[in-house]
Structure formats: structure tokens, C-alpha cells
Amino acid sequence: QVQLVESGGGLVQAGDSLRLSCAASGLTFSKYKMGWFRQTPGKEREFVATITTSGMLMYTYYADSVKGRFTISRDNAKNTVYLQMNNLKPEDTSVYLCAAGDFSGSSYYETRKYDYWGQGTQVTVSS
């Protein structure tokens, strides 16, 4: 049974930092693209970042809204993906979910490409 469990969310002030973690189990972690998405009530789930692996190389992709502020990373030995979020803004307030997908191509921003999802962790940024 595949499980993705997020942690690290919380209430912070604008300009602060948070690091989210997502621990995966029940899958061959290193073969999956790992992504972070966020969802706010009444809005569609929004792509945040994805990290892939190809042998020793890792590739990262970011939404324009977080580029330069957020950093995605993964530790395949620990089956964990991270999202370091710096200079947080009130508009970053959302539930952050991690996702795992075993797909080829570059459609990493499409939610339908991901096979497994975590339950999410709330991030609230006050102004």
C-alpha cells in the first residue's frame, strides 16, 4: 500500500520560511517523479514544483509564482521529498500536497499524471 505523508506546515508571517517534508512508503521511490501541489478552497489544484531523477541527475521544475523562493529536493535513501519555502507571501497560504507519478514526458504540471497523493499539510502565511 502506497502512502505519502506530508509534514512541516504551520502558521508563519510574511517573509518567513518553512520546510515541508513528504515521506513515501510502499513504492520504489527513486523511479517516481515527485511533485508538490497546493489547493485552496474554491480553486483548482495548482502545480508548485516537481523533481525527477535520471540516473545520478535530478531535474527540477517550478511554477513561475514560486521560482526563486521555493526549492524542491529529494533524498532517495530516505524516500523523502522536501519543499523549502523562503520569503513566504500571504498568497502562498494553501494546503500543500505531495504526489508521486511514474510517467514520461514533460507534463509534470498536470495533476492527472500523478498516481498517488498525500493528504496535505496546511500552510498559512499572515501579512
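1. Among contacts between residues at least 6 apart in sequence, 58% join residues at least 24 apart. The coordinates under review are those of a predicted model.

2. Read along the sequence, the pattern is accordingly β-β-β-β-β-β-β-β-β-β-β.

3. As to overall dimensions, the C-alpha atoms fill a box of roughly 40 × 30 × 30 Å along the principal axes. The radius of gyration is 14 Å, which agrees with the value near 14 Å that a compact globule of 127 residues would have.

4. Of the 127 residues, 42% count as buried. The accessible surface comes to about 6700 Å², and carbon and sulfur atoms account for 45% of this area.

5. The largest nonpolar core holds 34 residues, of which Trp 36, Leu 83, Met 85 and Tyr 96 touch the most other members. At least two residues of this core are supplied by each of strands S3 (18-25), S4 (33-39), S5 (46-54), S7 (70-75), S8 (80-85), S9 (94-101) and S11 (121-126). In soluble globular proteins, nonpolar side chains tend to be buried together.

6. Leaving aside residues up to four places away in sequence, Tyr 96 touches Trp 36, Leu 83 and Met 85, among others. Its contacts also include Glu 6, Arg 38 and Thr 121, as well as Leu 20, Phe 37, Val 48, Phe 70, Gly 120 and Val 123.

Methods: Residues are numbered from 1 along each chain as its sequence is written. This is a predicted model: local features need pLDDT of at least 70, side-chain atom pairs count only at pLDDT 80 or more; totals for chains, interfaces and linings use all residues. Side-chain values use heavy atoms; hydrogens and water are left out. Helices (H or I, at least four residues) and strands (E, at least two) are DSSP runs, numbered from the N terminus. The radius of gyration is taken over C-alpha atoms; the globule rule is 2.2 Å times the number of residues to the power 0.38. Buried means under 20% relative accessible area, exposed over 50%, partly exposed in between (1.4 Å probe, protein chains only). Contact means heavy atoms within 4.5 Å. Accessible areas come from the Shrake-Rupley method with a 1.4 Å probe; for residues, only the protein chains shown count as cover. A nonpolar core is a set of buried Ala, Val, Leu, Ile, Met, Phe, Trp, Tyr and Cys residues joined through side-chain atoms within 4.5 Å.
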